[in-house]
Amino acid sequence: MNTHPTPYAPAAARTARHRLGVCLGALLVAFALVACKGPADSGTLTDARLYYDAGNYPAALEKAGHAARAEDRALAESAAYIAGLSAARLDRPDLAAAYLADAAESEDPALAADASAELGLLERGRNRHAAAVPAFERAARGFTGDDRARALLYAAISQQRLGRWTQARTNLLAARAAVDDPALLDAIDKQLPVTGYTLQVGAYSDRTNAQTAASQLVDTARAVGLARPTLARGRSRTGQTLHLVQIGQFATFEAAVRARNRLDTPDAFVVPLSTY
């Protein structure tokens, strides 16, 4: 199973650094859109944080966008982080990515790690896994313990989707060495045996029903150049044995998605293949 651990959730003021998870223009565009008066200062940044914590993301973005242009680099980087979080909440991913990338270059290692983690989540949410991987790995270098393990786990999941199996395993083993939380360890251990992806088109408690469903899909699969459906065993959340109808083996997630589109079966979805 492609199990994900509980997301991180840091506050705007970075009092906690646990946000690897909300599957939530460039800076020049932001500067054109944000109307500002007067010089940016720490009060502007404080206002931005207060607006963000209150859920007023448009006001937080306006204030933080203004402060992100401050001559004081530390102030500008902290403001860029809040602006990035606010833009992400407002479903403006390009703007959010631009601000977070700026904050990720901070000389403050804690801010750089937080911003990198947020950037990784943003890019993963857009299925831009090639961009998510370096962001998660940069975050991991600034984190310790479970925070580091989560960042490495997310990097590995994105690498698996890209078919980078050796690199993914390296990150998973590093995550395993850093983890303390048993639930997070379990999530890592479930990712380690993943070797590829398949299309799952049904799950049945009765094997005969599963065989019937598989037989009915033989001609459909052959017509679009896919392998004959096979049966695999799995378990439900309650521990019940299930007979899974699956089609194909794919090295990358995108290859499996393309095959699903060819198959044109609404009930099909992509699942990891495991050596278990």
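**D264.** D264 sits in the loop between α13 (253–263) and β4 (269–274). I took helices (H or I, at least four residues) and strands (E, at least two) as DSSP runs, numbered from the N terminus. The phi of D264 is positive, near 55°, in a residue other than glycine. Most residues other than glycine have a negative phi.

**Ground rules.** I number residues from 1 along each chain as its sequence is written, and side-chain values use heavy atoms, with hydrogens and water left out. The model is predicted, so local features need pLDDT of at least 70 and side-chain atom pairs count only at pLDDT 80 or more, while totals for chains, interfaces and linings use all residues.

**N127.** I then checked N127, which is not a glycine but has a positive phi of about 60°. N127 lies in the loop between α6 and α7 (129–142). Buried or exposed, or partly exposed? N127 is partly exposed, with a relative accessible area of 48%.

**Nonpolar core.** I looked for the largest nonpolar core and found 31 residues in it. Such a core is a set of buried Ala, Val, Leu, Ile, Met, Phe, Trp, Tyr and Cys residues joined through side-chain atoms within 4.5 Å. Y52, L61, Y81, I82, Y99, L119 and L122 have the most contacts inside this core. Two or more residues come from each of α2 (42–53), α3 (57–67), α4 (73–89), α5 (93–104) and α6 (109–125). Which helix gives the largest share? That is α4, with 9 residues. In soluble globular proteins, nonpolar side chains tend to be buried together.

**A87.** I picked A87, in helix α4. A87 counts as buried, at 0% relative accessibility. Leaving out residues up to four places away in sequence, A87 touches L61, R92, L95 and A96. Contact here means heavy atoms within 4.5 Å. I also checked A87 against Y99: they are 12 residues apart along the chain, and their C-alpha atoms are separated by 8.6 Å.

**α5 on α6.** I read a packing angle of about 155° for α5 and α6, with axes 8 Å apart. Axes are lines fitted to C-alpha atoms, for helices over the stretch in contact, and angles run from 0 to 180 degrees between N-to-C directions. The angle makes α5 roughly antiparallel to α6, a label for angles over 145 degrees. On the α5 side I noted P93, A96, A97, L100, A101, A103 and A104. They meet L111, A112, A115, S116, E118, L119, L122 and E123 in α6. This contact divides into 12 nonpolar, 1 polar and 2 charged residues. Ala, Val, Leu, Ile, Met, Phe, Trp, Tyr, Cys and Pro count as nonpolar, Asp, Glu, Lys and Arg as charged, and the others, Gly among them, as polar.

**α9 and α10.** I found α9 and α10 packing at about 160°, axes 10 Å apart. That makes α9 roughly antiparallel to α10. L172, A175 and R176 of α9 meet L185, I188, D189 and Q191 of α10. I noted 4 nonpolar, 1 polar and 2 charged residues in this contact. In α10 (residues 182–191), L184, A187, I188, D189 and Q191 are buried. These buried residues pack against α8 (145–161), α9 (165–178) and β1 (194–204).

Technical notes: Buried means under 20% relative accessible area, exposed over 50%, partly exposed in between (1.4 Å probe, protein chains only). Angles under 35 degrees count as roughly parallel, over 145 as roughly antiparallel, 65 to 115 as roughly perpendicular and the rest as oblique.
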